[in-house]
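Please look over the sequence and the model first. The paragraphs below then lead through the structure one part at a time.

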Amino acid sequence: MSKGDPLLRVSGVAVRYGPIAAVRDVDLTVGAGEIVAIVGPNGAGKTSLLSAIAGIERPAAGTIEFAGRSLAGVVLEDIVTRGIALVPEGRHIFASLTVQENLMLGATTRGDGDAVRADMDRFFGTFPILGRRRQQPAGQLSGGEQQQLAIARALLSRPRLLMLDEPSLGLAPMMVDQAYAVLRSIRGSGVAILLVEQNAERAFALADRALVMNGGVFVLGGTPAELGAHPDFDAAYFGIGMQSEQAGR
Amino acid sequence: MIDRIIQTLVDALSVGGLYALTALGIGLIFGVMRLINFAHGELIMVTGYALLAAFALPLPLVLLFGFLAAIVLALVTERVAFRPLRNANPATLLISSFAVSFLLQKTLILFVDSRPKGIDFLPALGRQIEVVGVRLQILQLVIIAVSVVLLAALTWFLRATAVGLQMRAAAEDFRMARVLGVRANRVIAIAFALSGILAATVSCLVVAQTGIVQPRMGAQLVIIAFVGTVIGGLGSLTGAALGGFLVGAATILLQALLPPDLRVFREAFVFVAVTLVILFRPQGLIPARGLRERV
């Protein structure tokens with residue numbers, strides 16, 4: 001799907017918390033419009049990798065380039081203006097603010113008020129439950145609706161790359177359906193997605209390409225179909241008898 | 001009799017209004033920074049001395065000078081004392097605010113004077129007028145009106161402007177707000193500037209009422225107002241305004257209602273009430289929703 005330079009290029013990135021290396025020398029590319037899933041167990045380093053790209057953590061080593069420009073030294077609040085939006089683990093919607101106010105905050109860096117309203121109306125058209133509850137505090141929404149809201153809020157910045165951290169975590173299966181419905185609705189719109197999930201089945205159903213992360217490195221990579229059929233997949237995911245490292249280049 | 005009651009109510013409303021405005025200034029900063037800014041009192045103090053210094057100038061300039069002093073001092077303390085500690089824990093921030101408060105008070109005592117100074121500020125407001133047969137001081141009515149207008153203006157700012165929305169979001173989840181592109185430095189600086197405006201307003205009204213400027217004038221107000229923000233619910237601006245108002249109004253009402261020989265203990269009664277509120281509603285009267293859900 002990607003042609004020429006990738007949209008996101010992560011080279012040799014490491015993230016450390018004191019003496020602990022959460023991410024070790026990771027390479028990753030995401031092409032324009034591509035959907036890439038990173039699966040792996042708890043503590044594999046998935047969230048740390050997203051945090052490094054999102055500007056929340058400063059990488060201890062390596063470079064991150066987005067649309068051909070380095071992200072080194074770019075402060076957290078400027079990442080979104082570069083075209084990267086993050087839906088963090090646990091959604092982090094503003095519970096005391098209304099649904100509409102949450103969405104308006106997603107468009108903080110945009111100056112085109114009319115287009116923002118049009119984007120909001122389009123979203124409310126696709127997800128009418130949220131439209132009906134636009135004046136209610138977001139804390140009153142169900143978990144699945146909150147996840148829809150969190151994704152919509154991220155999309156309102158009109159990102160070129162949407163990063164999601166565990167969008168299915170802590171949600172009942174029906175609620176996970178709701179969250180993934182939003183992701184499917186933007187498929188093919190040109191927005192690239194970098195999706196971190198423990199729920200490999202869900203992620204594979206959406207992704208063009210998938211990587212297995214464990215112990216801070218990618219241990220397997222390929223299309224979801226290839227990975228699903230790969231004899232080492234379970235071993236890689238659960239970290240048993242790992243042979244190869246750095247399979248995700 | 002009826003004019004005694006109205007007079008007492010007007011007293012309670014005006015004193016409650018002053019404490020509500022002070023508590024709001026503290027609550028705004030706590031909201032965005034989790035900082036209990038005891039140096040808020042020195043913003044009130046600096047306006048008092050600015051009014052004194054500029055007293056010979058025409059009134060609009062005196063007021064401008066007074067407001068600028070508090071706003072500039074608020075921004076400078078944020079930049080110098082609090083920004084470097086932004087990710088420190090709340091106890092460190094609290095101690096830093098005490099340090100700023102003491103430093104400013106002692107600097108003033110060192111270079112100006114420790115004794116109270118008299119100032120005949122806005123003497124016209126000291127006159128009495130007759131409203132529906134009751135004689136009331138103009139200043140008290142002005143205090144009530146200014147409190148209401150400022151509360152309404154702040155509510156409008158927070159509800160209806162983009163920066164206000166960003167401030168409410170930052171108060172609930174600062175990191176997520178930054179992820180969405182909300183500029184931390186800008187939001188915090190605006191919050192400090194607003195707290196400066198609130199402090200300067202309170203200062204002008206207090207100076208007009210007491211006719212005195214002294215180094216501890218702000219600190220005394222801030223301690224009572226802080227108690228108000230706690231019983232109102234730390235982190236909730238409505239709570240801060242309500243709590244500040246209740247503590248101020250309760251003091252006046254007790255003064256009027258207690259038997260004469262118990263009046264000297266009115267603060268003790270207020271703090272018994274405060275203790276009861278904290279015992280039975282430790283989250284405050286109007287708890288902050290965001291804070292509660294973060295736990």
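A residue is called buried if 20 or more other C-beta atoms lie within 10 Å of its own, exposed if 12 or fewer do, and partly exposed in between, with the C-beta atoms placed from the backbone. By that count, 47% of the 295 residues of chain B are buried.

The model is predicted: local features need pLDDT of at least 70, side-chain atom pairs count only at pLDDT 80 or more, and totals for chains, interfaces and linings use all residues. Residues are numbered from 1 along each chain as its sequence is written, while chains are lettered from A and ligands numbered from 1 in the order in which they are written. For the complex, the predictor gives an ipTM of 0.90 and a pTM of 0.89. The pLDDT, which is the predictor's confidence in each residue from 0 to 100, averages 92 in chain B, where 98% of the residues score at least 70. In residues 291-295 of chain B the pLDDT is below 50, and this stretch has five contacts in the model beyond near neighbours in sequence. Two residues are in contact if their C-beta atoms, placed from the backbone, lie within 7 Å.

Chain B contains 12 helices and four strands; helices (H or I, at least four residues) and strands (E, at least two) are DSSP runs, numbered from the N terminus. The radius of gyration of chain B is 19 Å, close to the 19 Å that the globule rule gives for 295 residues, so chain B is as compact as a globular protein of that length. That radius is taken over C-alpha atoms, and the rule is 2.2 Å times the number of residues to the power 0.38. The C-alpha trace of chain B spans about 60 × 50 × 35 Å along its principal axes.

Chain A has an open sheet of four strands in the order S2-S1-S4-S5, with antiparallel pairing. Strands S2 (20-30) and S5 (69-70) of chain A are at the edges with a single partner strand each, so one side of each has no neighbour in the sheet. Two strands pair if DSSP finds at least two bridges between them. Within this sheet, S1 (residues 8-17) and S4 (residues 61-66) of chain A are joined by five bridges, and A:Arg9 stands opposite A:Glu65.

Where does strand S8 (residues 192-197) of chain A lie? Six of its six residues are buried, so S8(A) is largely enclosed by the rest of the structure. A:Ala192, A:Leu194 and A:Val196 point one way, and A:Ile193, A:Leu195 and A:Glu197 the other. In a regular strand the side chains alternate between the two faces of the sheet. Strand S3 (residues 35-39) of chain A runs parallel to S8(A) over five bridges, with A:Ile38 as the bridge partner of A:Val196. Strand S7 (residues 161-165) of chain A also pairs with S8(A) in the parallel sense over five bridges, and A:Leu162 stands opposite A:Ile193. From S7(A) the chain crosses through helix H7 (residues 173-186) of chain A to S8(A) in a right-handed β-α-β crossover; right-handed means that, with the strands pointing away from the viewer, the path from the first strand over the helix to the second runs clockwise.

Next comes the interface. There, 20 residues of chain A are in contact with 18 residues of chain B. Helices H2 (76-82) and H3 (99-106) of chain A each supply at least two residues of the side of chain A that touches chain B.
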